[in-house]
Amino acid sequence: GVDGSESEAIRPLPWYPENLAWQSNFSRMQLRKNQTLERFHEFLKQENEIGNITRQETVSMVPPLFLDVRPDHFVLDMCAAPGSKTFQLLEMIHRSAEPESLPNGMVIANDVDVQRCNLLIHQTKRMCTANLIVTNHEAQNFPSCHLRRSHTTREIIEEPGISELLFDRVLCDVPCSGDGTLRKAPDIWRKWAVGMGNGLHCLQVQIAMRGLSLLKVGGRMVYSTCSMNPVENEAVVAEILRRCGRSIELLDVSAELPQLVRRPGLKKWKVQDKGAWSASYEDVPVTRRSGIVQSMFPCGKSFVEKSGSDHAATLGDIKDNGDTGNSVDGSSLTEDPVALTDLLKGEDSTFSLEYCMRIVPHDQNTGAFFIAVFHKLSSLPAIEKKPVRLRGQLNGANDNEADKLADEAKEVICGMEVDAADTGEQIPEETPCADLTNNEKVEAALDTDPIKMPKIEVEEMQAPREGESGPEIVKVKRKLQMQGKWRGVDPVVFFKDDVVVDKIKAFYGINDAFPFNGHLVTRNSDTNHVKRIYYISKSAKDVLQLNFLAGQQLKITSIGLKMFERQTSKEGTSSTCVFRISSEGLPLLLPHITKQILWASPVDFKHLLKYKTTKFADFVDAEFGERASKLMLGCCVVVLNKGGQPLPDSPQVDASTIAIGCWRGRNSISVMVTGIDCQELLERLLVHMETEKESPLPENQPLGVRDSEIVKANDK
């Protein structure tokens, strides 16, 4: 142990498949301050930056495992930032795909906040994948993409492979109060308040309903929070089941991951508001019913109360079975308020909420998490919308109470420390389900057409930065995204300059087996001044083409894998090919390159990594230096010849191959790899060379790099 205390050794998580997840009990303070752990801490930071490992809260790894992702699945991560779960999903798609080929599936990772999207892009960049699209939308308003002939554009040459954007799997890890993170963020104890969970309940329902509407029939959706509040958990699940009727089912996944200790969901709970507990909706004071809604309770039945005027204030628009006037068991609900009051007593949910999972900290030394798994059996029923009421018709006291509840939720969340890896990104300005100030907002959240979305002003919550106490509410005016091209976002354009593509293929000797046509995109509409060219998979290509035909409803912040980058230096512009291969794109392209490639002995490979630039005459292997001098001026690839033996005419490249991008100058070879990547590769090489002295490795035995890593190096 460290600090004189007993600490359990770093151990694999018994429930995580293939022993791919390990847990350390060292605190952040121990890792940063204890000199004994200094080298271990540096190792963790380096490997995480490169992408060989991902540091993540233990229970945060659980939700993606219940999605049962396969390589041909289209997956939507609705609230994806900071990206650790997205990284897991990408690994699942790639790990089960055929070797040296891209999977047929893909992941769309979405987040409401642009800055958090940037964090998401940085995290997933380490994966080096062409099967990812990052979008910037409010999750409850994530747009539908349908093939519309009226939106045809000259950009599209061929029809997309899909006519509608639907998903096989949806991860709905919604914004929450975060009380499940109390162990690692004890400061939450003094800042937590019940108004946080109550204020988020309706947003969580909206996001989950939107996810289910985007899910294919037969697909699976996981709903999760890092909260233990039943208002954010079981109440949301019950409301979803109530709205969707028999079109979805809550799955019993107790047989999956049997070594994961979990507890069943609750079927009975109370709701607290302003210090008072309510067992049913009838217990809620009339003045508080604007903020506390029926769906927060286990029964969640509709409750009608006659007002003094002819106007009937319908406080619950969705009946238990998704049909007007029907309960779960099909019995008719009377409009008599007294009979309704009797029905609301003894709040026990009739749904199988025990199928939900509660992971609590003291069961297996983790944070807390709630998980529910849904299976879509058929299309969702049409949801009846409430009639829009004028603000002038509303009770003034109810208006004030709604505003107070929303302000209370914002105040406590503003001062709370929220961990970026576990909590969501948006706090609602008001309680949407109460719907006493603007019914159009709820209708818009459930509508599939972004054109109908009203323009409203909201307050955005910025994600906490490292070392800060927590998020802050930043008052900015932001409009809901509208259909069309997006302001402030670079366009996504198919790259079709055949002259440039032919030069690239000829320079690197890229064979015809590698699909180029329709797979190259750029973020510059002026194709004559393109700096970077990105490569996208067939699945991402289909989505992009559909998005063009649908009127560019998706606001895309990142797409594909950076494959080529223009060299702007004087020496670079004098090369036959001004585009160099990006380090991120090299693993995918390497098996198809036949020119501008060199195989170096371990000694010369080490020399390059250590000194960054080496003259032709200074290589230990004179023949290698001579071959390097015969390459054309420009980008080249140097591959490690692990055995140091003579190579056949067409050496095979596999998952264990280590290669780096270099620049062949007038009299030297220079590496184009960042310092941290050089250091990591150098350490691996030294270990390999020491091991080889004792017992040479078999020809095809990997060096321990990830399957997707031939080069895990970012560009300069």
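Tutor: A crossing is right-handed if the near helix is turned clockwise from the far one by less than a right angle, and left-handed if anticlockwise. Helices are DSSP runs of H or I with at least four residues, strands are runs of E with at least two, and both are numbered from the N terminus. The model is predicted: local features need pLDDT of at least 70 and side-chain atom pairs pLDDT 80 or more, while totals for chains, interfaces and linings use all residues. Residues are numbered from 1 along each chain as its sequence is written, and side-chain values use heavy atoms, without hydrogens and water.

(An axis is a line fitted to C-alpha atoms, for helices over the stretch in contact; angles between N-to-C directions run from 0 to 180 degrees.) On the α4 side, Thr86, Phe87 and Leu90 meet Leu120, Gln123 and Thr124 of α5.

The loop between β3 (74-77) and α4 (84-95) holds proline 82. The peptide bond joining alanine 81 to proline 82 is cis, with omega about 10°. Past the other helix, cysteine 128 is found in the loop between α5 (114-125) and β5 (132-135). Cysteine 128 is not a glycine, yet has a positive phi of about 55°. With a relative accessible area of 13%, cysteine 128 is buried (under 20%; exposed is over 50% and partly exposed in between, with a 1.4 Å probe and protein chains only).

A further helix pair is formed by α7 (residues 194-213) and α8 (residues 234-244). These two pack at an angle of about 45°, their axes 10 Å apart. The crossing of α7 and α8 is right-handed. On α7, the contact is made by His201, Gln204, Val205, Ala208, Met209 and Leu212; on α8, by Ala235, Val236, Glu239, Ile240, Arg243 and Cys244. Contact here means heavy atoms within 4.5 Å.

In one of the bridges, tyrosine 535 is the partner of leucine 561 in β22.

Another open sheet of five strands has mixed pairing, in the order β24-β26-β27-β28-β25. At the edges stand β24 (597-600) and β25 (613-615), each with a single partner strand, so that one side of each has no neighbour in the sheet. From one strand to the next, the twist averages 30°. Inside the sheet, β27 (residues 659-664) and β28 (residues 668-671) run antiparallel and are joined by three bridges. Tryptophan 663 has serine 670, in β28, as its bridge partner. Helix α17 (residues 602-611) packs on the sheet and touches β24, β25, β26 (634-640), β27 and β28, its direction making about 130° with that of β26. Helix α18 (residues 622-629) lies across β24, β26, β27 and β28 and runs at about 170° to β24.

Helix α17 can be followed residue by residue. Its buried residues are Pro602, Asp604, Phe605, Leu608 and Leu609. After α17 comes lysine 612, with a positive phi near 70°. Lysine 612 is found in the loop between α17 and β25, and is not a glycine. Where cysteine 128 is buried, lysine 612 is partly exposed, at a relative accessible area of 33%.

As for the whole protein, its secondary structure comes to 19 helices and 28 strands. Of its 716 residues, 56% are buried. Among contacts with a separation of 6 or more, 77% are between residues 24 or more positions apart.

Notes
Pairing = 2+ DSSP bridges.
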